[in-house]
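Hello,

Here is the structure we talked about. Please open it alongside this note; what I found follows below.

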Amino acid sequence: MLLHYSSDDGRQYRAVGGYVLDVADLSPDGRLVVRALPVSPSINDFLLVHSRLYQLLTHAVIAYERRIAGNDWSRVAKPLVALHQRVRRAGGRLVVLASPDLAGDAVRANDELPLLRQLAADHDFELVDLSAWLNDVPAGAIRMDGCHFNAEGHRLIGERLAKYLVARDLR
């Protein structure tokens, strides 16, 4: 299973009660709105694997609201470890693609990379630093914003990812 980690993921998703929730923007009264589908964990897992479907469906249901303060790394680490365990139980391998920081002129590793590396080492999943694949490319040529690729960025990552997967017999 491939997981693309961007630096904004620490603020976007949360695991609550066995479900991965998509955090929305602040509501008009200033509360943080979190959406999730009230479905069984097996259906939730299927939707999570098909993340675009999951994202579209969760927009239809508001299931949970609360205020979340700060950037707590455990909010990323715990769901990632739980996902890795589910992938392993299903006989798969987890490969996390760590998206770079694209905000400046040059592509650079995101600030969470050392934490991701430690988590990958502790839990034995693969981690790929995408900034190493793009160190010769100007950030402005491959970005939509500070952490999201444009079409050219996705094309370059796709080419390099295909080579990576074939080289490791992960077809």
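Start with S131: at 9% relative accessibility, under the 20% cut-off, it counts as buried. Keep in mind that this is a predicted model. S131 sits in helix 6, which covers residues 130-133. What is S131 in contact with, leaving aside neighbours within four places in sequence? The list is A98, P100, V107, R108 and A109.

Three strands form an open sheet in the order 1-6-7, and the pairing is parallel. Strand 1 (2-5) and strand 7 (126-129) are the edge strands, each pairing on one side only. On average, neighbouring strands here are turned by 20° against each other, direction ignored. Helix 5 (residues 113-123) packs on this sheet. It touches strand 1, strand 6 and strand 7. The direction of helix 5 makes about 155° with that of strand 7.

Strand 1 and strand 6 (residues 95-98) run parallel and are joined by four bridges. For L2, the bridge partner in strand 6 is V95.

Finally, the whole protein. There are seven helices and seven strands. Along the sequence, the pattern reads β-α-β-β-β-α-α-β-α-β-α-β-α-α. The protein has 171 residues, and 42% of them count as buried. Take the contacts between residues at least 6 apart in sequence: 62% join residues at least 24 apart.

Best wishes

Definitions and conventions: Residues numbered from 1 in each chain as written. Predicted model: local features only at pLDDT ≥ 70, side-chain atom pairs only at ≥ 80, totals over all residues. Heavy atoms only, no water. Helix = DSSP H or I, 4+ residues; strand = E, 2+ residues; numbered from the N terminus. Buried < 20%, exposed > 50% of the residue type's maximum accessible area, 1.4 Å probe, protein only. Contact = heavy atoms within 4.5 Å. Pairing = 2+ DSSP bridges. Axes fitted to C-alpha atoms, helices over the stretch in contact; angles between N-to-C directions.
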